[in-house]
Amino acid sequence: MAQLIKIHSCISRYEMDLYRYQSQFLRLKKQQWQMFMLAYENNEFQQFVRPQTETMDGAEGKKEKENFLRKVRHRLGKKEEIISWDLNMPAADQQADTMEYIFDTVPQSLDELKAKFMNHIFQFQMKWATSTIREKSFADASFYENERLHELLQKLPDQHLIMYNPVFKIKNTSIGLDPILISPGEIVCIHYLEGEQHDVIEGSSERFWTVNPGDHEKKQLSPLISLNRTGTIVKQLLRESKINLEVKKVLVYKSGYIEFPQAPFDLTLADKRNFNGWFQIYRNSTTPIKHDQLKAAEILLSQCLIDSFRRND
């Protein structure tokens, strides 16, 4: 799963300490998966499921959880603390927090377990991308159901970093940008096109593009306006910091077709015909996280707008 390091103008833990949180994400995800797999294999998953009528309290429930944690440590092969996703919690509270993961049902297959696990991780990714120990931001509810965001996070490998619709501060002006994929070898600015199934969008160098050319055609604002703005800002920030990573621009239209014979050389068109092939390149990537990649992410995060408030808890 890719790592969500920034979403819109929400405060992010990665902004506080990118190097710490990106490495902890890998460790915690692996540890959590081992814990759930052990419970699944030993028919002990029920302890993670929300009870219908009563909660697991008292000495019996506490003993059962402690026994399970011992099994997890043994499975890990060392006396490793089972830590929670809230890394800023006092050590005494982290073990208890680890056992608070709640599901609605016990998975009936390995595929169902994987799906539940990815949704479980997504909730914590959103938590990390919208809060710190002292501050919190409200993310629009639509982000939690955003299929594009889910696809990027759940289908790309761990070493990819995602900034989803970030808001940058440029010369005292707030500028909303397209999603940015920071991979080990390059940075990809992505613009998603909206439309009906099988629509054809005709691209050009003009300010407006044509949808379904012919008797019932209509016009829409050129997506290159937004995409070029994102690419230009990212390139400028990297150049100023002397970071030599290629910046690519991609137009994505999964449900329809893009006809743009005179497309700029630095633009990739990923429509209904070739989206899977383009996306698979990144899904199959095995290149580990690189220093320049993290440095680039740190520079981009430093330019982001933060809209947050003090936590009461």
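**Entry 1: surface patch**

I count a residue as buried under 20% relative accessible area, exposed over 50%, and partly exposed in between. I am working from a predicted model.

I looked up I225 first. Its relative accessible area is 33%, so I225 is partly exposed. I found I225 in helix α7, which spans residues 224-240.

**Entry 2: cores**

Next I went inside. In soluble globular proteins, nonpolar side chains tend to be buried together. The largest nonpolar core here has 54 residues. I5, M163, F168, I182, I187 and L251 have the most contacts inside that core. Helix α2 (residues 18-41) gives the largest share of this core, eight residues. I also noted a second, separate core of 26 residues, with C10, F143, L152 and Y192 among them.

Then I listed what M163 touches, leaving out residues up to four places away in sequence. The contacts include I5, F168 and I182, along with K6, D178 and C304.

**Entry 3: cysteines**

How many disulfides does the whole structure hold? My search found zero. C189 is at 0% relative accessibility, so I logged C189 as buried. C304 is buried too, with a relative accessible area of 2%.

**Entry 4: salt bridges**

Side chains of opposite charge can pair when their charged atoms come close.

E194 pairs with R148, and their closest N and O atoms are 3.2 Å apart. This pair links distant parts of the chain, 46 residues apart. E194 sits in the loop between β7 (186-192) and β8 (200-202), while R148 sits in helix α6 (residues 147-155). E194 is exposed at 55%; R148 is partly exposed at 25%.

K249 pairs with D266, the closest N and O atoms again being 3.2 Å apart. Why does this pair tie together separate parts? K249 lies in strand β11 (residues 246-253) and D266 in the loop between β12 (257-259) and β13 (267-271), so the parts joined are 17 residues apart in sequence. K249 is buried, with a relative accessible area of 10%. D266 is partly exposed at 23%.

K295 pairs with E298, with closest N and O atoms 3.8 Å apart. Both lie in helix α9 (residues 291-302), three residues apart, about one turn of the helix. I have K295 as partly exposed at 34% and E298 as partly exposed at 31%.

Last, I noted a network: E151, K155 and K254 are joined by salt bridges that share partners.

Technical notes:
Residues are numbered from 1 along each chain as its sequence is written. This is a predicted model: local features need pLDDT of at least 70, side-chain atom pairs count only at pLDDT 80 or more; totals for chains, interfaces and linings use all residues. Side-chain values use heavy atoms; hydrogens and water are left out. Helices (H or I, at least four residues) and strands (E, at least two) are DSSP runs, numbered from the N terminus. Buried means under 20% relative accessible area, exposed over 50%, partly exposed in between (1.4 Å probe, protein chains only). A disulfide is a pair of cysteine sulfur atoms within 2.5 Å. A nonpolar core is a set of buried Ala, Val, Leu, Ile, Met, Phe, Trp, Tyr and Cys residues joined through side-chain atoms within 4.5 Å. Contact means heavy atoms within 4.5 Å. A salt bridge is a side-chain nitrogen of Lys or Arg within 4 Å of a carboxyl oxygen of Asp or Glu.
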